Amino acid sequence: MNRIAPALTGTRRTIVFGAVLTVLAIAGTFGLDPYRNFQLATIVAYFCAVAGLTLLVGLTGQLSLGHAALMAVGGYAYALTANLATDWGLDGVPRFLLGMLGALVVSTVHGLLLGLAGARLQGPYLAGVTLAIAIALPAVTAQFSGVLGGDQGLQIAYEGVPEIFSRLIVVEQWHAWVSILIAGVVVTALAAVRRSALGLKMRAVRDDETAARLSGVPAARVKVIAFTLSSVAAGAGGAALCFVTQSISPGAYTLAFSLLLVVAAVVGGLGSIGGAALGAALIVLLPWLVGTVTDAFEMSADLEQRLSGNLGLLVFGGLLIVVMLARPGGLASIGLRRGRGRTAPPRSPSPFGPAASAAAPTDSPADEADTDRTGVKEVAVHVPTERER
Amino acid sequence: MDHLLFLLATGLARGAIFALFALSLVLIWRAARIINFAQGAMALVATYVAFAVTGLSGSYWVGLTAGILAGAVIGFGVERGLMRFTKDSHPLAGIIVAIGLVMVLQALLGIFFGQQHRPMQTPFSDSPLLWGDTPLLSPYDLFVLVVALGVMGVMALLFNRTSLGLQLRASAFAPEVSRVLGVRVSRMVTIGWMLSAAVAALAAMLLVPTELGLNPHSTDVLFIYAFTVAVVGGLDSPVGALIGGLVVGVAMTLVTGYIGATVAPIGVLVLLLLVLLVRPGGIFSMREARSA
Amino acid sequence: MTTRTATGAEVSITGLTVGYGGEPVLHGINLDMKPGEIVAVLGANGAGKSTLLRTLAGLVRPTAGTIDLFRSDITGLRTEDRARRGLALVPDGQSVVAELSVDENLRLGALWRHRGPARARAIGRVYELFEPLDRRRSSAGHQLSGGERQMLAIGRALVAEPTLLAVDEPSLGLAPRVVADLMAVLRDASARTGLTILLAEQNVTSALSIADRGVVLSLGRIVADAPAETLSNDAALRHAYLGF
Amino acid sequence: MSPQKERGDTMSQRSTARRIAAFASASAVLVALAGCSTPATEDPEPTSSDTASDAPVETGDSTGITDDTVTIGTHTPLTGPAAAGYSSISAAATAYFEYLNENGGVHGRSIEYIVKDDGYNPATTQTVVRELVQQDEVFAIVNGLGTPTHSSVLDYLNENEVPDLFVASGAIAWNRPDTYPFTFGFNADYVVEGAALTQYAVDEYPDAAICLLGQDDDFGDAMIQGAELVLGADGLAHVERYSVSNQDLTAQIGAMQAAGCEVNLLATINGFTALALGTSAQFGWFPMWFSSSSGADYPTLVTYLGEDVGPQLLQGLVGTNYLPSLGGEDEWVALFRQVNDEYNDGAPFDGNTIYGMSVAYLFAEALAAAGEDPTRESLMEALTSGALVGNGTVPLSFSDTVHAAFLGVGITQVDQGVQDYVGSAYSVVDGVVSATELAPVALENMGLPAAG
């Protein structure tokens with residue numbers, strides 16, 4: 001693989017590849033019709049949040065069930081700042097940049113505060129607190145409906161295509177571009193962190209917090225930073241979504257959506273950024289696929305109504321369980337373990353049709369970090385430490 | 001003052017249900033060191049069973065019994081069929097699989113029973129008894145309180161006075177030593193799940209008749225509040241669950257009554273954060289919080 | 001305890017290999033024990049003593065080899081079933097259940113063996129054996145001193161009247177006088193009831209003081225298997241493997 | 001830690017390639033998916049605002065119209081907590097369209113009604129509405145349901161000049177012809193309902209203490225606003241709010257009883273109307289209940305409260321309505337019952353059924369009025385012409401300047417299990433409440449607008 005970029009190392013390579021992929025993705029938008037571009041914009045916005053979540057869960061072992069609420073924080077901050085900018089007479093790119101700045105600042109502060117609380121909490125406690133945050137979101141927007149607009153949320157001004165592109169693309173494609181750019185920056189930054197010394201520390205904290213602390217890793221600080229980064233990524237995703245849909249409301253960021261983000265992170269493969277991309281695509285496309293499949297069958301109106309939506313939920317829940325139990329490395333680990341550890345896994349049929357399954361055996365989307373989770377069995381002698389000592 | 005008394009009484013009855021459900025979370029925590037995020041959904045399935053059996057038999061009590069049994073069976077199935085296999089997987093596998101289970105169960109309930117609210121009847125009148133001019137607890141509230149306290153008492157006896165209880169406690173605290181001593185630990189874990197799921201089912205069946213009706217989301221909020229209660233009380237402490245439940249129930253009713261309904265969920269979040277930050281092991285825990 | 005009939009266990013371990021994925025911790029261990037025999041397993045830290053005992057108890061699965069107890073193969077049996085066949089392990093580190101009281105710990109040990117009044121009598125015999133425990137019946141495990149905890153751990157194993165007792169490092173962290181007392185209890189129990197004992201120890205002197213035979217483990221292999229007396233006197237062996 | 005790092009570095013070279021592959025395969029998937037469902041890209045994409053101006057204007061925009069079909073769509077909750085109350089509306093509308101199609105449709109075209117589930121989640125609404133507009137290329141969105149959900153697509157539909165008809169919500173936002181020329185509401189708005197109920201209370205019980213229990217969102221706010229049109233600011237004796245996430249109204253009902261309320265206005269959805277009545281009955285307290293039409297559907301309330309006690313508790317319940325009433329059994333209701341039995345598998349017949357079919361009828365009437373070869377422009381003209389009459393019991397208000405269907409409501413009451421109009425009706429124009437007469441529309445041509 002050095003042939004691709006022999007001179008590049010470390011962070012710089014991550015950045016270059018991030019940039020290349022961003023450009024590729026933007027080029028890809030020309031192959032899509034407006035509706036698919038809208039879907040792509042949504043997927044990419046979710047990708048930000050899922051990448052943040054997968055970093056948090058996969059690298060530091062902290063589980064958040066409230067990432068949708070963290071997205072909402074970014075979205076609300078974007079909407080408030082952008083509306084303020086509108087009042088000041090700004091529009092277009094300056095308004096967007098100001099809105100993003102607002103979203104990032106608020107997400108950082110919010111993530112930091114939550115992270116400070118969360119760093120003291122072990123897995124299930126943090127999961128419970130973030131769950132409570134997801135539940136409290138509608139109450140908060142109702143309580144402060146003067147600012148946050150209650151159930152209806154906030155609307156922002158329409159963002160058309162800038163003058164220079166207006167002959168080239170339609171608005172959905174423009175929105176996809178912006179969403180891809182945001183994700184490109186955010187995810188490249190996450191990838192760089194993951195690869196850095198900080199990323200190593202996160203893994204150390206996940207594997208054995210006490211041991212990490214003894215070897216000089218400031219565990220609490222690492223966890224706070226991880227939570228903050230994750231929150232910022234989710235906030236950026238929320239801001240992107242707010243930009244694309246020109247609105248934000250609590251009903252769009254429910255607990256169910258939070259859980260879907262967990263599905264995306266787990267099914268993609270915890271800790272894997274490629275997996276996060278697959279997971280984000282999955283949660284957008286699967287309900288649509290399920291809908292298409294059920295439409296193909298004749299059934300009574302009542303049955304159709306009962307299946308609609310519920311069937312997608314059923315598939316997601318089932319996937320979550322199966323992946324977690326059978327292949328904790330997620331989609332990203334399929335075809336990965338060539339000649340390593342256990343015997344090579346059977347080539348599972350790819351859920352993505354011929355295009356993906358052709359690519360899977362040789363070029364797996366996963367990267368090495370997943371194996372130190374799934375391959376951990378080797379070291380897991382784990383003579384269980386009795387707690388009564 | 002009358003209003004305050006009334007709110008206190010109402011809060012007590014709700015709190016008893018929270019306490020009972022929180023107790024079920026404590027039971028499972030003690031048996032398997034897992035916070036079962038699927039507890040609400042599992043209890044809900046049992047409640048649907050109770051609803052169906054009551055409908056068929058015409059008797060609330062037959063339905064209640066069937067629901068409790070169904071809860072135990074579901075607990076058995078979930079432990080043997082799913083949770084047993086999470087041990088060797090990812091550290092968060094237990095939670096994540098439980099979340100998957102919630103999705104599956106709610107989807108199945110939606111498919112088989114639809115989304116409508118199905119009213120459930122109470123076995124006793126739910127009109128409050130008057131104390132002077134102030135309405136206090138209804139006979140149904142009293143029933144709930146008695147059942148909640150009764151179950152707590154039975155559980156206390158079971159755990160502290162019987163061989164089964166001794167083995168359950170030992171298995172939870174020191175699984176390996178227990179096995180060395182001939183205790184069938186994996187059976188104890190299963191029994192713990194069954195007990196816990198049955199208690200949760202009972203709590204859900206007590207709650208649903210006081211609400212809009214049975215539907216696939218009936219226990220969503222109950223789980224959150226009970227989780228808060230369990231954490232506030234200390235996940236290892238049944239006494240903490242009881243006191244925590246009553247405190248949270250009363251506090252929520254007071255907040256709703258004096259400040260506003262919207263503030264209550266925010267209040268719960270704040271309470272949860274405060275307790276976890278100040279006393280991460282819960283108010284009634286004897287020892288430091290353990291890692292999961 | 002005098003009422004009991006002496007039924008020590010006959011143990012035969014053949015070709016036992018244990019590995020956790022990487023380099024095996026035990027390589028092809030062969031070890032036979034006669035009924036009523038006390039065998040000391042000696043060796044430095046990490047030699048594989050604990051692993052041998054844990055494998056015997058079924059807490060660790062061997063990758064190869066068999067374990068016979070009374071000439072029947074128990075290799076596939078679960079830990080709790082081995083316990084019910086009379087195999088008792090006292091894990092290292094004074095392993096009492098800290099949350100349970102002394103009395104509850106003992107009841108737990110006696111559960112599968114005795115019922116009703118017989119259980120109380122069996123527990124009473126342990127209290128006779130270890131007087132300090134008698135005074136602390138209702139104290140929780142975590143309130144005991146190190147010596148008391150080790151007494152409780154051994155007493156809890158004895159209360160089930162096993163035929164084979166495997167004790168892992170009972171002397172660790174205890175005062176010499178306490179160690180001597182514990183060793184005496186083990187020796188007496190074996191003498192009185194014919195109990196077979198496998199005693200893993202780093203404290204070679206006290207282990208050999210009660211053992212009939214000593215087995216020296218080094219890097220997962222048995223490097224010496226000889227009567228206790230011979231080992232005590234073999235300066236070269238002591239120097240090479242036992243560090244004194 | 002260094003060996004680990006080393007490993008990380010050598011691995012990362014492989015992983016970067018993998019990452020590219022990941023993206024490549026992900027985009028391959030997308031392209032593949034797009035390929036199989038993309039309509040020919042040479043289309044001038046009339047739905048996109050930027051290219052819309054390039055499309056020929058003279059002939060008008062006939063997206064969604066073929067020689068024999070008119071395709072329209074809606075978003076509505078079929079799953080999730082909100083599905084319980086509303087999923088029957090779209091089913092009823094679908095049944096009416098089937099009836100219409102079997103009898104010749106509108107000017108020979110049958111109407112295809114695509115119903116998309118949005119789970120009452122605005123994010124999903126965004127997706128499904130775009131799918132309807134861009135993939136299914138619907139002629140119009142008809143009866144999109146919910147305030148927060150529909151708000152999120154309001155801008156989108158108007159920017160893309162898609163007719164956005166008969167929004168199923170009582171929010172006042174739909175009646176803004178200057179900002180949203182393509183949007184038309186259907187429900188009488190909550191301010192109108194609040195004002196009418198309050199005026200009726202004042203007319204009938206001049207000395208009663210009037211209180212309000214309202215949802216903690218714009219529904220409650222708007223009802224309060226309506227009540228204060230009549231009573232003046234602070235004219236309500238007591239106001240309590242509830243949150244849909246907490247199904248326990250004990251504290252609120254207790255406070256209202258303590259405050260001595262006599263007439264309770266309800267800004268509640270059906271479930272909470274039932275909960276309020278049930279809780280209050282537990283206290284042995286039986287005040288008068290005046291509910292918004294959103295929470296006053298008798299059959300639905302009975303299922304919540306149970307067949308045994310429901311009818312008893314609901315005796316005397318005052319509500320508002322602007323459509324043929326269930327208890328009235330006029331010819332519209334008779335027709336709808338028949339359609340329901342024949343085309344809706346005999347689903348429970350309630351207020352939602354009448355609502356859904358009335359909306360569908362009104363759309364058919366508008367489409368018929370839009371001419372033999374309807375376009376979006378001619379549809380808009382038909383709607384704003386003032387010529388449509390619908391099937392309401394108060395006059396239809398659509399005009400150039402009014403995009404609300406009903407600016408007034410009639411008052412209904414439950415008596416012996418029958419919910420029917422009591423005769424009073426009120427209209428609210430420019431903040432002024434005045435009594436009017438009910439003006440029911442007679443059924444013509446068996447409810448088939450283009451047949452005459």
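# Exercises on a predicted multi-chain model

In this predicted model, two residue pairs, both at pLDDT 80 or more, are in polar contact across the interface of domain 1 of chain D and domain 2 of chain D; a polar contact is a pair of N or O atoms within 3.5 Å, where within protein one must be able to donate a hydrogen and the other to accept it, and residues adjacent in sequence count only if both atoms are side-chain atoms. Local features need pLDDT of at least 70 and side-chain atom pairs count only at pLDDT 80 or more, whereas totals for chains, interfaces and linings use all residues. Residues are numbered from 1 along each chain as its sequence is written, chains are lettered from A and ligands numbered from 1 in the order in which they are written, and side-chain values use heavy atoms, with hydrogens and water left out.

## Exercise 1

Describe the interface of domain 1 of chain D and domain 2 of chain D.

**Solution.** Begin with the bounds, which come from an automatic or database domain assignment: domain 1 covers 62-188 + 326-406 and domain 2 covers 190-321 of chain D. Next, count contacts (heavy atoms within 4.5 Å), which places 13 residues of domain 1 of chain D against nine residues of domain 2 of chain D. Then take the buried area, the accessible area (1.4 Å probe) that two parts lose on being put together, summed over both; this comes to about 860 Å², with 51% of it on carbon and sulfur atoms. On the side of domain 1 of chain D, Gly170(D), Ile172(D) and Ala188(D) lose the most area to domain 2 of chain D, together 36% of what that side buries.

## Exercise 2

Work out how chain B and chain A meet, and which helix of chain B gives the largest share of its side.

**Solution.** Start from the contacts, in which 54 residues of chain B touch 48 residues of chain A. The area buried between these chains is about 4,500 Å², and carbon and sulfur atoms give 77% of it. Ile96(B), Met103(B) and Ile111(B) supply 15% of the area that chain B buries against chain A, more than any other three residues.

How values were computed:
Helix = DSSP H or I, 4+ residues; strand = E, 2+ residues; numbered from the N terminus.
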